[in-house]
Amino acid sequence: MSELILTKIHFGNGLWEGKISNVPDTGAKPDIQVRYLDQLVEGVTVKEGSSGTEWDLKVPVPSHAVADGVHSFLIQDGATDTKLGNFTLVAGETATDNLLAEVELLRAELDMLKRAFRRHCLETT
């Protein structure tokens, strides 16, 4: 199976946009999941792009995520639980480095790994 590739296109007005490429040309829409605080983001749209192997992704940023602090969003292939990318919002007083953003991203990736491990344990027993 081919590995999906995510490319950022634009981020503005509360909407993150990207392009998913290298999708198998079966006509089936890729299962893309976006998580914030380990919860699925509502309103994510995936529409067919210019070819059968490209799809356009639009992620609306929830209003509760626009607040002081560091807020990370994890974009993954729901079929394989593979991380495709991420984006981070930093608002309010910011740290001199991106340490908080990195810790938040690590937490999101750890949650993804825990889900995959638990699913693996259930399937092998």
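Which residues do ring pairs link into a cluster? I looked this up first in the predicted model. Ring pairs join Phe 11, Trp 16, Tyr 36, Phe 73 and Phe 87 into a cluster.

**Entry: aromatic pairs**

I took ring centres within 6.5 Å as the criterion for a pair. By this rule I count four aromatic pairs. I then examined Phe 73 and Phe 87: their ring centres are 4.6 Å apart and their planes lie at 5°, so I record the pair as stacked, the cut-off being planes under 30 degrees apart. I note that this pair links distant parts of the chain, with Phe 73 in strand S7 (residues 69–77) and Phe 87 in strand S8 (residues 82–91), 14 residues apart.

**Entry: cavity**

I searched the whole structure for cavities of 30 Å³ or more and found one. The largest cavity holds about 40 Å³ of space. I list its lining as Arg 35, Asp 38, Leu 74, Ala 108, Asp 111 and Arg 115. Sorted by class, this lining comprises four charged residues, two nonpolar and no polar ones.

Which helix gives the most to the lining of the largest cavity? I find that helix H1 (residues 99–124) does, with three residues. I also checked the domains: domain 1 (5–91) and domain 2 (94–124) each supply at least three residues to the lining of the largest cavity.

Notes
Residues are numbered from 1 along each chain as its sequence is written. This is a predicted model: local features need pLDDT of at least 70, side-chain atom pairs count only at pLDDT 80 or more; totals for chains, interfaces and linings use all residues. Side-chain values use heavy atoms; hydrogens and water are left out. Rings of Phe, Tyr and Trp (its six-membered ring) pair if their centres lie within 6.5 Å; planes under 30 degrees apart count as stacked, over 60 as edge-to-face and the rest as tilted. Helices (H or I, at least four residues) and strands (E, at least two) are DSSP runs, numbered from the N terminus. On a 1 Å grid over the protein atoms alone, a cavity is a set of points where a 1.4 Å probe fits but cannot get out, and a pocket is an open set with protein on both sides within 12 Å along at least five of seven lines; lining residues have an atom within 4 Å of a point. Grid points are joined across faces, edges and corners, and a volume is the space filled by probe spheres set on the points. Ala, Val, Leu, Ile, Met, Phe, Trp, Tyr, Cys and Pro count as nonpolar, Asp, Glu, Lys and Arg as charged, and the others, Gly among them, as polar. Domain bounds come from an automatic or database domain assignment.
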